[in-house]
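I am opening the notebook on this model to record what I looked up, entry by entry, with the cut-offs beside each term.

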Amino acid sequence: MSALLDVKGVTMRFGGLVAVNDVGFSLAKGEVLAVIGPNGAGKSTLFNVITGVYRPTAGKVSFDGADITGKPAYEVVERGIARTFQSSRLFSDLSVLDNVIIGMHTRTKTGVLDALFRPGASKREMAACVEKAEALLKAGSGDLHAQRYRPAGTLAQADRRRLEIARALASEPKLLLLDEPSVGMDEVETDALVADIKRLRSKNPDLSVILIEHDMRVVEAFPTHVMCIDYGSRIAEGNFETVRADPRVQEAYLGKAAAHA
Amino acid sequence: MERPMPSGAPSVATASLFVVASQLAGAVFLYLVLKAEGGWQVIGLLALLGAGFFLLEKKPRIADLAMASMARVPLLAVAMAAVVVLAFPFAVGSNTYMLHLLIVAQLYAVLALALNFQLGSANIPNFATGASYGIGAYVSALLAINFGVSFWLTLPVAALAATLFGFLIGIPSMRTRDTYLALVTIAFGVVVQQLLNNFDFTGGPNGLVGIPAPSLFGHSFADPLVIFGHKLPSQANFYYLAAALVAVAIVTARRLHGSRIGLAWNALRADEIAARAQGINVAWYKVLAFAVDAFLAAFAGTIYAFYVSYISPDNFTFLVSVTIMTMVIVGGMDNIFGVIVGAFLLTILPEKLRAFSDYRLLFFGIVIIGFLMIRPQGLFPQRMRDYGSHS
Amino acid sequence: MRAGGTLLMRPLQPEIWRMAELLIQQMLNWITLGCIYALLAIGFSLIFGILNVIHFSHGDVAMTAPFICLALATFFGATSPYWLVLALVLAILAVGLLGVVLDRVVIRQFRDAPAMMALVATVALGIVIREAIRHLYPEGSNPHAFPRLVSGVAFEVAGVPVNWFSVLVTVLTVALIGLLFVFLRMTPLGLRIRAASEDRVVARMMGIRDGRVFRATFFIASAIGAVAGLLFASYAGVTRFDFGIMAGLLGFSAAVIGGLGSMPGAILGGLIIAGIEVLAQTFVPDGASYRLVFVFLLVIAVLIFRPAGLLGRPVMEKV
């Protein structure tokens with residue numbers, strides 16, 4: 001089976017700091033990969049490399065059969081990779097609805113001249129976007145749809161995370177990258193989030209997901225492949241049980257825990 | 001900003017009444033301001049205006065009602081606005097000074113709307129709108145003086161030239177931001193102004209004189225305008241021309257604002273990295289904002305050149321750009337109506353303060369600072385887009 | 001042809017000498033002007049460092065100094081050079097205080113506002129300062145003669161006389177930069193200013209948000225600006241209410257192309273701007289009227305290739 005995403009030997013250096021060190025993995029269509037590891041291990045940097053925020057110092061990223069290494073972020077989205085951010089980066093002074101509609105940017109095509117001289121077409125496009133966005137807002141847990149005219153900046157923490165996911169889905173991705181989606185959620189909300197992602201996958205069996213998570217309950221909830229990163233390097237990979245039992249993984253987490261105590 | 005949308009839309013009758021009454025009230029107020037002489041009248045009208053804004057601030061329902069009414073009877077709103085604008089010169093009569101103020105105010109409204117794409121929608125600094133305005137004015141004036149090109153033909157040519165200039169200033173914006181980008185635009189503005197001041201073919205510091213009046217269907221804009229036996233001074237020609245341009249600018253602004261382009265600009269204003277992650281080509285949208293700004297500004301410049309028939313580099317200085325920025329900020333960033341109000345207010349008010357004419361600029365500076373400190377969102381803050389689905 | 005050639009050899013020699021003299025003369029000009037711009041740029045950079053705000057009216061603040069000095073000199077009424085020195089010192093202190101007051105009343109309000117707001121607000125502040133001079137100072141809209149602070153020839157370099165004024169400007173600039181360097185590195189207050197400008201977030205967490213850092217920074221930046229303003233007026237022999245616009249634009253440009261927040265960058269920027277100005281005036285026909293065009297084209301070019309200035313650190317946004 002040909003992989004949807006193929007990451008080979010990716011290294012990301014910032015000056016003297018090696019944030020990601022020779023990491024490689026691949027992901028098939030419809031698969032879920034969970035990336036775990038202590039804070040500052042380089043997980044988000046890996047996301048940034050895949051989505052084109054950073055150009056890797058070395059290595060190659062291919063997606064859907066094409067080399068996307070160092071391609072600008074907006075192009076990567078167009079090819080079908082959508083993401084959320086660890087510290088949700090919503091467009092806080094725009095409404096919830098607008099946030100989702102902006103997520104459809106790569107799936108709409110009105111240009112300046114169209115907007116000016118074919119207002120009808122532009123309006124129809126927007127109307128279709130609104131309809132789609134409302135459906136997306138209704139689909140997830142929480143009551144985002146009822147809050148669709150609120151500025152995104154005024155949402156509660158859990159709703160912000162949900163909105164980020166809705167916005168990412170708006171681009172009709174083939175691969176969804178979720179950077180710690182459960183941060184700031186309580187247990188009930190986390191369970192709802194897991195249910196959301198499960199529902200999403202059953203509706204969209206082809207959608208691949210990469211999940212950065214600290215909450216092991218979320219990781220455990222999916223039939224996942226798990227990869228653990230520490231100090232930028234991959235230290236373990238396999239199914240959840242194997243990775244959890246790996247002594248190096250335990251050390252990475254316990255070491256951190258000990259340091260915090 | 002955090003208000004939920006009103007639940008019930010007003011009835012057609014209420015909406016119509018509100019639209020007609022508010023527009024008439026606005027027109028009467030503008031007329032009184034233009035007519036006012038002496039310090040006390042102006043101060044009284046300013047107090048009235050202040051009270052109006054205080055009321056709007058205390059009762060946000062009024063603004064919601066206004067928006068809802070406009071949305072309810074859009075055709076009536078547009079028709080009424082057209083009637084008011086068309087009829088205004090008849091009320092003004094032979095008072096050419098009032099007409100002059102209105103023409104300048106309308107041109108500034110266009111410039112402010114042009115800059116609003118950048119400053120308001122995308123929060124990109126641009127201290128070179130004055131330069132685009134100047135390029136429009138000079139290109140069209142040179143074409144008319146040297147080659148006898150008709151005004152109507154110079155319009156698109158000047159706009160094209162300024163748009164190219166807009167793209168040119170836009171290019172550094174792909175890499176520089178905020179303060180650095182502000183300096184790049186300042187630099188472009190100074191370079192253009194200095195070149196106009198130094199080149200021989202632009203007439204140097206003396207500028208260009210004797211730009212011929214445009215004509216349409218054999219009617220020269222230098223002649224009085226006779227409508228239904230009613231004779232209006234020649235300025236009325238330019239008044240209507242400028243009004244048409246304002247209408248074009250409003251339509252442009254509304255269509256762009258309501259399309260995915262306006263949303264993309266808003267997105268990169270809020271968070272550039274997140275915007276990129278939604279697939280927005282941030283660099284292109286920034287350059288685009290510069291180009292659209294320059295395009296509209298050039299139209300205003302062309303009309304200005306043909307209206308006053310004499311232009312010099314002094315008309316297009318750094319201070320002109322700052323004035324335009326101020327209009328956007330005072331009126332309300334990313335609010336079309338607000339920006340127009342800002343332009344009118346800041347064009348007409350200083351003129352009305354002739355009593356203290358020496359201190360006009362001083363007053364101007366203090367007003368800007370005061371506004372930024374007390375009401376940074378402007379007179380009319382930006383509003384959420386309403387997609388009209390309140391199920 | 002050959003005869004003519006040998007004949008020409010003789011007058012050619014003085015020609016070369018004249019070129020050399022011109023060159024040295026222009027280099028002196030360059031250093032003098034470069035020092036003045038560097039002093040202005042340092043103020044922009046210092047203030048940007050701690051506030052992350054461009055104090056666009058810094059040039060106008062600086063150019064109030066010659067007016068204050070003239071007013072004080074008139075007030076003292078005496079012709080003795082000691083009175084002039086006193087007027088100069090008082091003017092510098094007064095401008096330092098003016099900076100502190102403006103920070104307190106206006107600029108600090110925009111510390112956490114979007115950069116654009118602060119920019120426009122300080123542009124407006126510049127208008128207010130200029131107009132205030134114009135209307136409040138007697139005959140404010142007219143140019144006022146400003147004396148050369150020192151006159152006479154100090155020494156000669158290869159036959160080119162070097163004025164005491166150039167010596168004064170250079171020595172003063174070097175001394176001020178040296179003092180500033182020592183202050184920022186050796187004194188507790190200076191260290192706190194540096195800490196605040198290196199990393200605002202950390203500095204804020206450590207509680208360096210107190211007013212003293214702001215007061216000190218504005219006082220120093222404005223006082224140094226005042227020195228630049230006085231030297232500029234003295235160099236030009238005249239001062240005008242609207243000198244502040246150009247002084248501000250050139251000082252700001254110098255600070256930006258050097259890299260905002262970087263002291264060496266500010267000095268480098270000042271020298272570069274002055275250099276291009278002098279070069280344009282010397283070697284380009286009609287260069288004097290085009291000098292601003294050259295200066296600002298250079299600014300644009302630098303920012304296209306080095307978006308954070310020559311010595312500035314590019315900001316990497318954390319994602």
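I began with contacts in chain B between residues at least 6 apart in sequence, and 78% of them join residues at least 24 apart; two residues are in contact if their C-beta atoms, placed from the backbone, lie within 7 Å. I note that this is a predicted model, in which local features need pLDDT of at least 70, side-chain atom pairs count only at pLDDT 80 or more, and totals for chains, interfaces and linings use all residues. Residues are numbered from 1 along each chain as its sequence is written, while chains are lettered from A and ligands numbered from 1 in the order in which they are written.

**Chain B overall.** I looked up the secondary structure and found 15 helices and six strands in chain B, where helices (H or I, at least four residues) and strands (E, at least two) are DSSP runs numbered from the N terminus. The C-alpha trace spans about 65 × 60 × 45 Å along its principal axes. A compact globule of 391 residues would have a radius of gyration near 21 Å, and chain B agrees, with 21 Å; the radius is taken over C-alpha atoms, and the globule rule is 2.2 Å times the number of residues to the power 0.38. Of the 391 residues, 51% count as buried, meaning that 20 or more other C-beta atoms lie within 10 Å of the residue's own, whereas 12 or fewer make it exposed and values in between partly exposed, with C-beta atoms placed from the backbone.

**Core.** I then turned to the largest nonpolar core, which has 302 residues, and those with the most contacts inside it are B:Val110, B:Leu111, B:Ala112, B:Ala300 and B:Ile303. Such a core is a set of buried Ala, Val, Leu, Ile, Met, Phe, Trp, Tyr and Cys residues joined through C-beta atoms within 7 Å. H12(B) gives the largest share of this core, 20 residues. Domain 1 (10-92) and domain 2 (94-374) of chain B both contribute residues, so the core lies between them; the domain bounds come from an automatic or database domain assignment. Leaving aside neighbours within four places in sequence, I listed the contacts of B:Val110 as B:Leu245, B:Val246, B:Ala249, B:Leu296, B:Phe299 and B:Ala300.

**Helix H12(B).** I checked the length of this helix (residues 282-308): at 1.5 Å a residue its 27 residues should span 39 Å, and its end C-alpha atoms are 39 Å apart, which agrees; the expected span is 1.5 Å times one less than the number of residues. Because 24 of the 27 residues are buried, H12(B) is largely enclosed by the rest of the structure. B:Ser309 follows the helix with a positive phi, near 60°.

**Domains of chain B.** I find 25 Å between the centres of domain 1 and domain 2, taken over C-alpha atoms. Their contact takes ten residues from domain 1 and 13 residues from domain 2. On the domain 1 side, H4(B) supplies the largest share, four residues.

**Chain C against chain B.** I recorded 37 residues from chain C and 37 residues from chain B in this contact. H5(C) gives the most to the chain C side, with 14 residues. By class, that side has 31 nonpolar, four polar and two charged residues; Ala, Val, Leu, Ile, Met, Phe, Trp, Tyr, Cys and Pro count as nonpolar, Asp, Glu, Lys and Arg as charged, and the others, Gly among them, as polar.
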